Amino acid sequence: MRHTLATLLLALALGAAEDATIAIDAGGAAPAVNRRAFGHNVEAADPRGIFCAPDAAEWNRSTLQTGEGVWDAQRRAPAPAVLERLRALGTSVLRYPGGCLAHTWDWRQAVGPLAQRGDWSFGLDEYLATCAALGAEPLITLPDYHGSVADLVALVEYLNAPADGRHPWADRRAAWGRREPWQVRWFELGNESDHGNHQAVPARRMDAAAYVRWAREATRALRAADPRVRLGVVLVPGSGEEPDCAWNRAVLAGAGPQADFAVVHLYAPLAAAGADPRAVARACLAAGDQLERRLGDYRALARAQAGKELPLWVSEFNLMSVEPEVAGKPPPFRFSPAAALMTADLQRRLLDPRLGVLGANYWQAVNGYWGMIETRRGAQVVERPAFAAQRLLARHTGAELLTVAVQAPTGECEGFPGLAPCRGGGRQPVRSLGRLDGAAP
């Protein structure tokens, strides 16, 4: 689709008297929809040292016990209300165990008999059982600030090797109840690795050269363990940072040639507390028009630095806001209808395989800070606006893309943090914003 849902929504928001027309071309060649764009995230590792101090007396155990509400620890099965809603979203990929929680993830604590796991009642096998119940592919984020490359090789052996007496971790998997390999294909080499290991001890923060050395060593070792795995290198999150930055150039040049894809996170606009709600809403409508240009910049940089076409995996996307929820106040921007329409529009675009995107994962489906589904208020399930918008998209998305031409009123939006211009020549400041209209970028 060359034109955007956001264009029509802006026309309504402006109260335009002009009619909008939509022309659908059902006769041309139609590419297949990229179903992996219906991905989501689950948080399921130890938050100590990441979201709280390593020695915190009080901390959120639900990430370990239920994957933030995905798992019913009493029934030893996916939570029915959550499973039903994840199916309604068409969830095709489930990413685990984070997010930032992956930095210090010790996967060996997440396997084995429950009695030996402490709080880890939602572990690796429970996550994979949830993927199986959904018919979703697993995407696993490997720890970048914990353990060794040998530990990563042991993880792949546990997941993918036959239990034949020659693979100790696969033999343990069989002894613990899963004889057949899980056959996990997709792995990310870390998560937002440029920003370090938060509050973990000892404090660490890799520069690009250190990350490249680690990623190259891990790639060689993991491919030797299982040539079928597909590995992604981590770029700087795209929330106000231009794709052509020093970290991205170094990582794509040094580790890109060996990688199967590059990992991109998109958080924009940057809606700080106290921002004008109308300005945030206009920026949300503009964001979809800018997605294709931003992805094109990443792909061009990969071609220049890695010397090949490197597909992208947008494993996190959402509006960025840091406002707390306050009783009696309007919901934070991240839970607003404008953000819901924006993320659905982004997901709609990411369905197009011509963008060079392997998959995309909304951050995040259940509970947590951004969750579109909330299950923490007793027995009541709260569905945020983003859930309704993305459920509608999933329900009405077929197998092929059709070309759609839209004639509609246009408007302009002022500059807003986190959005770059789609129109005009030359590189312009990332904090400015161009026109919002019905033309392709």
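These legends describe close-up views of a predicted model. Local features need pLDDT of at least 70 and side-chain atom pairs count only at pLDDT 80 or more, while totals for chains, interfaces and linings use all residues. Residues are numbered from 1 along each chain as its sequence is written, and side-chain values use heavy atoms, with hydrogens and water left out.

**View 1. Nonpolar surface patch at Ile22, Ile24 and Leu402.** Patch residues have over 30% relative accessible area and no salt bridge; nonpolar side chains (Val, Leu, Ile, Met, Phe, Trp, Tyr) are joined within 5 Å, like charges within 9 Å. Ile24 lies in strand β1 (residues 21-25); strands (E, at least two residues) and helices (H or I, at least four) are DSSP runs numbered from the N terminus. Ile24 is exposed because its relative accessibility is 57% (exposed, over 50%; buried, under 20%; partly exposed, in between; 1.4 Å probe, protein chains only).

**View 2. Salt bridge between Arg76 and Glu126.** The closest N and O atoms are 2.6 Å apart; a salt bridge needs a side-chain nitrogen of Lys or Arg within 4 Å of a carboxyl oxygen of Asp or Glu. This pair links distant parts of the chain, 50 residues apart: Arg76 is in the loop between β3 (71-72) and β4 (77-78), and Glu126 is in helix α4 (residues 124-134). Arg76 is partly exposed at 32%, whereas Glu126 is buried at 5%.

**View 3. Salt bridge between Arg354 and Asp352.** The N to O distance is 2.9 Å. Arg354 is exposed, at 52% relative accessible area, and Asp352 is buried, at 12%.

Technical notes. Areas by Shrake-Rupley, 256 points an atom, 1.4 Å probe, with all protein chains shown as cover.
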